Amino acid sequence: MKMKGLLFLLCAASLTACTIEDQSRTILTGFFPNTMDSQVVLYINDVPVDTTNLDKDKNFRFSLKIDQGKLYNFRIGGKYQYVYLEPNDSVAVYANALDFSESISFSGKGSAVNNFVHSQAILATKQSDLFRGYHSLLPFQYQKVMDSICQERRDEYNTFVLANPSLTAKAKNLALVSATFPIYKEMEIYPFVYQSKNGTPIVELLPAHFYDYRKQINYNDTFLEYFRPYYSYMVMYVNNLAYTKYSTDVNTLVDVNREQRFHLEKIQIINNLFKEGALRDNLFRNAAYSYIFNVRDQRNYKMYFDVFRLYNAQNTHKVELERVFRNAIALQAGKVPPDFDLIDRRGERTKFSAIQKPELTIYYFWSANQKELSDLIFNRVAQLKNLYPNVMFVGIDIGEDKARWRRHLLQDTLARDEQYHSVDFMDLSQKFLINNINKSLILDKNGRIISAFEDIFSPDLEKLLPLKES
């Protein structure tokens with residue numbers, strides 16, 4: 001009897017301790033029906049901090065020990081989602097994997113700010129076409145419209161704060177940035193697009209108070225440096241400062257993204273405004289990729305890379321960027337392209353070097369996993385074939401589903417084409433710096449690179465090919 005009493009007391013003590021422990025921890029649970037994933041990985045910024053398994057019913061649970069508010073993110077089925085947690089929060093998240101972004105909802109203690117942040121992200125996505133339509137407005141008209149939209153966002157934010165009086169300063173800041181920074185980003189984009197569309201210098205036409213919103217921004221908020229609305233704004237802010245400096249000094253209507261000096265201006269701006277930390281490193285990384293994917297005069301690559309290195313000796317992405325720079329130089333016109341593994345229609349492995357042609361050839365990329373975009377690529381290739389009958393066209397599927405690629409080959413549009421499937425997309429994408437599947441690779445009859453950065457939809461192809469076809 002004494003033993004039974006002792007066991008009862010031990011069990012009661014254990015349950016009490018467990019309850020106390022749970023009360024002192026932050027809990028994140030979730031339910032993801034239809035997901036094919038077996039795990040959920042929780043990140044802070046880009047660093048994984050915890051992992052848990054989904055049970056047979058697609059539920060998961062994290063129990064976290066935190067002493068301050070933290071912005072996490074997780075990925076399911078290739079999609080990511082932010083979740084902000086504070087000490088002792090108990091947040092439950094639901095998302096149907098078949099309609100991930102639209103179906104996400106949060107409940108429980110700490111859910112309010114997460115629902116608000118997500119609703120603002122959905123709103124910004126839905127209004128992206130609307131924002132693009134405003135780019136044709138005259139500067140004073142544009143500012144009036146955008147100021148009105150920004151005020152609407154602030155009103156939504158103020159209503160949210162009034163309805164949730166216990167929000168911490170950190171949560172309020174996160175909510176305000178999620179509501180307003182997509183608008184600020186659009187205002188940084190506007191000068192580029194307006195000048196490009198209208199062929200009219202715009203720097204002197206902007207109203208005196210056009211950029212007043214900048215006065216309210218903390219440009220070194222370490223808490224938000226990986227938050228997409230914040231980071232995306234910073235990218236466009238740097239671009240616009242460089243654009244304004246370049247346009248003022250040079251007074252030209254050229255596409256500044258193609259100009260070496262514009263990209264050198266960005267290096268100086270990032271170095272002057274962002275002294276240290278992940279935001280600085282990530283902005284420099286973005287600037288390097290932007291340079292490589294936009295500047296066509298590859299003779300100056302080494303000069304740009306040498307200047308870039310002066311300011312990035314301690315960059316956390318240094319190893320990656322050094323590899324990218326080497327790969328970019330290896331893709332210059334006149335070089336022999338790097339080799340990679342392929343599978344042909346018969347399922348046999350081969351090398352890219354083994355399929356090269358004694359004619360001018362465009363190697364275009366597509367993905368059986370992205371049907372709509374791939375169909376547009378096939379239509380574009382058909383158009384180019386009619387225009388340039390002496391040019392060869394070879395397709396390379398860069399999707400991960402080999403079986404789906406084989407089924408795709410039965411379509412009439414591909415039945416007669418020479419088609420291959422990449423064995424290792426990571427290897428291929430790193431060697432050829434593939435940032436989207438629209439990219440093409442053009443080789444001359446000797447197998448040397450004419451262009452390794454041309455978009456298959458670019459009208460520049462129709463200027464380039466007649467010169468090389470003869």
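Predicted model: local features only at pLDDT ≥ 70, side-chain atom pairs only at ≥ 80, totals over all residues.
**Ground rules.** I number residues from 1 along each chain as its sequence is written. Local features need pLDDT of at least 70 and side-chain atom pairs count only at pLDDT 80 or more, while totals for chains, interfaces and linings use all residues; side-chain values use heavy atoms, without hydrogens and water.

**Entry 1: the sheet.** I looked up the strands (DSSP runs of E, at least two residues, numbered from the N terminus). Four of them form an open sheet in the order S3-S2-S5-S6, with antiparallel pairing; strands pair if DSSP finds at least two bridges between them. Strand S3 (47-53) and strand S6 (79-85) are the edge strands, each pairing on one side only. I then followed strand S5 (residues 70-76), which pairs with S6 over seven bridges in the antiparallel sense. Leu 71 has Tyr 84 in S6 as its bridge partner.

**Entry 2: Ala 95.** Where does Ala 95 lie? I found Ala 95 in the loop between strand S7 (90-94) and helix H2 (100-103), a helix being a DSSP run of H or I with at least four residues. Ala 95 is buried, with a relative accessible area of 1% (buried means under 20%, with a 1.4 Å probe and protein chains only). Beyond its neighbours within four places in sequence, its contacts (heavy atoms within 4.5 Å) include Phe 31, Pro 33 and Ile 104. Gly 30 is 65 residues from Ala 95 in sequence, yet their C-alpha atoms are 8.1 Å apart.

Definitions and conventions
Buried < 20%, exposed > 50% of the residue type's maximum accessible area, 1.4 Å probe, protein only.
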